[in-house]
Amino acid sequence: MTILVALVLGAAIGILLGLLGGGGSILAVPGLVYGLGIPLEQAVPMSLLVVGIAAMVGAVPKIRAHQVQWRVAGVFAVTGLLAAFAGSAVNRLLPPAITLAGFAIVMIASGIRMLSNTEGTGTACRAEGSTVNWRRCTSRAVPAGLGVGFLTGLFGVGGGFLIIPALVLLLGIEMSVAVGTSLVIVAANSGSGLIAYLGNLSLDWGLVAVFTVTAIGGSFVAGRYSKKVDTTRLQKWFAYLIFAVAAFVLAEVVLVR
């Protein structure tokens, strides 16, 4: 039963990463804690490891299609590195119940954002031709990168559900490039967050392997067929799923306490 849950959860995370450039990781920690019974201190680094590898694989088709804004990804990755260490330090100080409650709140905020009908785009990183106005772009990308990196270390999420709106609505990067850029950032942030947990890493590596392989497979397949899927409708259904999982997590936290 444990292996079956790991297969389903890994596939779901990989598929969502491949289709939406993020989002799957937000299900990883609750799935590992409540679906597989893994303690939170192990679930967070396991989530970072699996999501990071799946994001790297999912980014390959986007890289080949030249749909990655590398300089923006670099800004997010560098700023997210130190912030991920700070987030992991805070994680170790908080009781698991508080961390999970905070995670549920972040999930609800993410779901609300997914259901919003905002269609506008930002302009900070847009300029004439193929150039980027880095004076305006960097001043907005740095705070966004710090915030995403901190949440990565704190909750064990890649942050794609926050990166996509930041890239599109704040920085003005077109969606197809935002998805590819997000996958690269998710991989980098997950790696940074995982490094912060290496001193206390104790994982079931057999379960990690099953989880990772299915996530990679889901991400690879979804990345190849992403153009054929109505991602707007998928995003809305995914938001409803996030609300349901967040409600379950909050209920569990309240009942345990």
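Biologist: Where does UniProt place the feature "transmembrane region"?
Modeller: The unreviewed UniProt entry places it at residues 44-61, 68-87, 93-112, 144-171, 177-198, 205-225 and 237-256. Keep in mind that the structure here is a predicted model.

Biologist: What is the chain like over residues 44-61, helix or strand?
Modeller: Residues 44-61 are 100% helix and 0% strand, with 27 Å between the end C-alpha atoms.

Biologist: And how far apart are the end C-alpha atoms of residues 177-198?
Modeller: They lie 32 Å apart, and that span is 91% helix and 0% strand.

Biologist: Changing topic: which residues make the nonpolar surface patch?
Modeller: Leu81, Leu82, Phe85, Ile195 and Leu198 make it, and the patch covers about 470 Å². Helix 4, residues 70-93, gives the largest share, with three residues.

Biologist: Where is Leu198 placed?
Modeller: Leu198 is in the loop between helix 8 (175-196) and helix 9 (205-225). Its relative accessible area is 48%, so Leu198 counts as partly exposed.

Biologist: Now Thr152. Is Thr152 buried or exposed?
Modeller: Thr152 is buried, because its relative accessible area is 0%, and a residue needs under 20% to count as buried. Thr152 lies in helix 6, residues 134-155.

Biologist: What lies 2.9 Å from a polar atom of the Thr152 side chain?
Modeller: The backbone oxygen of Val148 does.

Biologist: Last one: which element has the lowest mean pLDDT?
Modeller: Helix 7, residues 160-170, at 74, while helix 4 has the highest, at 84. The chain averages 78, and 82% of the residues score at least 70.

Notes
Residues numbered from 1 in each chain as written. Predicted model: local features only at pLDDT ≥ 70, side-chain atom pairs only at ≥ 80, totals over all residues. Heavy atoms only, no water. UniProt positions renumbered as here; feature names shortened; annotations may be inferred. Helix = DSSP H or I, 4+ residues; strand = E, 2+ residues; numbered from the N terminus. Patch = residues over 30% accessible without salt bridge, like charges linked within 9 Å, V, L, I, M, F, W, Y side chains within 5 Å. Areas by Shrake-Rupley, 256 points an atom, 1.4 Å probe, with all protein chains shown as cover. Salt bridge = Lys/Arg side-chain N within 4 Å of Asp/Glu carboxyl O. Buried < 20%, exposed > 50% of the residue type's maximum accessible area, 1.4 Å probe, protein only. pLDDT = per-residue confidence, 0-100. Polar contact = N/O pair within 3.5 Å; in protein donor to acceptor, adjacent residues only side chain to side chain.
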